[in-house]
Amino acid sequence: MKLFKQTLLAAAVLSSAGAMAQTTAIINAQIHTASEQGVIKNGSVIIEDGKIKAVTTDAATADVIIDAQGKIVTPGFIGSMNQLGLVEVGAVASSRDGNEKKGGITFDPSLAFNPKSTLIAYARKGGITRDVIAPSWGESPFVGLSSTVNLSGEFGTSVVDSQNAIIVNLGGTKDGSRAASLSEFIDTLEEQQTKIAKAKKSDKKDDKAEPSKKEKLLTAALNGEKPVVVRVSRAQDMLELIKVKARFGIDLVISGAEDALPIKAELAAAKVPVILSAMANLPGDFDSLNASLETAGELEKAGVLVALTIAGDSSHNVYQLRYDAGNAIANGMSREGALKAITSNVADIFNIEDAGSIEVGNAADLAVWSADPFEFSTTLEKVMINGVEVSTESRHDKLRDRYMTETNMPRAYTK
């Protein structure tokens, strides 16, 4: 009996190992890697255990072969600075979990992330495989923390990197002066810097006490270990932030940046990445008088690392990220730059180490397109997350089928 059990165990182990070792190859593809390799024509991507095992022009062998028939394969796109999975219906307060009035720097909305949100499947239809979720407002300039999620829709594994950046809101306010929030931001960094220096010099037990969560986050920011993403639009405010970066050594990222054109050289020289909407072309207030459809392209040409996001209700509309990238191309951004602005540049900004490009070792987050993904008429034919094909059927599709199906039953009913 013991030998029989050992034989069964050995067989189970071998079976499991065989399943885990199964390889998949996407062949005959035009691979847009979003890496130094650029575009590989008539290439293959070989996938094993959810990772990219090889990117090659050699003949590929695998357990499963997917013939792309010359179609385009890109990395899965990465959305950012939205509340995907944290809101369902904006007008229903109980379905909004992305903001906390008194949250502060330690607020982590990823604890409420819902991988089964109806918005997830809709976003996947736009080739989005990962997303950086973030709080948008609070009483303090420090509004909380962003996190990276995948769009697999799976419980327990969808939040892949929590608390990966500190989110700050500055600029114009309805009440009071923008100077007050900027001063609070600077004073907070200065106080923590002083505490760190004092603790290093002191032998007192009180100075060596375990720091609070807030203090740990501020220390990580001051050490350049955690990006500080500041939402701000006016050029002068951005110039002040460049001074803050130089003074404290923080890893500064600017989100919004509608007024960035006049200071593109300064942003490039300071190596400050910018996250912006390619469609911000009209001044919505006095902080965005230089908003232009050409901003993304001009910043790219100046040497600024650019990531594209969706303006307005981005949680419900991140699906359209590829269309915004297409508009950026039409207004001066390079095609390669636009692709990187929704893939590898986002990964670089938020320290996402295993996504954003088609390279060996990265997660097999891939999209197969019928043609140029930046053209409106192009369709997404297949999308993979960690090497597993995921559905592109959304609630919109189900509603369409429900109401359009011909049946003897009353409208909205199906057999």
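A residue counts as buried when its relative accessible area is under 20%, as exposed when it is over 50%, and as partly exposed in between, with a 1.4 Å probe and protein chains only. The model is predicted, so local features need pLDDT of at least 70 and side-chain atom pairs count only at pLDDT 80 or more, while totals for chains, interfaces and linings use all residues. Residues are numbered from 1 along each chain as its sequence is written, and side-chain values use heavy atoms, with hydrogens and water left out.

**View 1. The whole protein.** The protein has 12 helices and 16 strands; these are DSSP runs numbered from the N terminus, helices being H or I with at least four residues and strands E with at least two. The C-alpha trace spans about 65 × 60 × 50 Å along its principal axes. Of the 415 residues, 49% count as buried. Contact means heavy atoms within 4.5 Å. Among contacts between residues at least 6 apart in sequence, 66% join residues at least 24 apart.

**View 2. Glutamine 192 in helix H3.** Helix H3 covers residues 178–201 and includes glutamine 192. Is glutamine 192 buried or exposed? Glutamine 192 counts as buried because its relative accessibility is 5%. Leaving aside residues up to four places away in sequence, glutamine 192 touches Glu215, Leu218, Thr219 and Leu222.

**View 3. Helix H4 and its surroundings.** Helix H4 runs over residues 213–222, and its buried residues are Glu215, Leu217, Leu218, Ala220, Ala221 and Leu222. Which elements do the buried residues of H4 pack against? They pack against helices H3 and H5, and against strands S8 (142–150), S9 (159–169) and S10 (228–232). Glycine 224 follows H4 and has a positive phi, near 70 degrees.

**View 4. The nonpolar cores.** A nonpolar core is a set of buried Ala, Val, Leu, Ile, Met, Phe, Trp, Tyr and Cys residues joined through side-chain atoms within 4.5 Å. In soluble globular proteins, nonpolar side chains tend to be buried together. The largest core here has 73 residues, and Phe185, Val230, Ile250, Leu267 and Leu308 have the most contacts inside it. Helix H5 (residues 235–248) gives the largest share of this core, 6 residues. Another core, of 17 residues, lies apart from it and has Ala165, Val229, Ile275 and Ile352 among its members.

**View 5. Leucine 308.** Not counting residues up to four places away in sequence, leucine 308 touches Ser80, Leu276, Ala278, Ala296, Leu321, Ala325, Ala328, Ala341 and Ile342.
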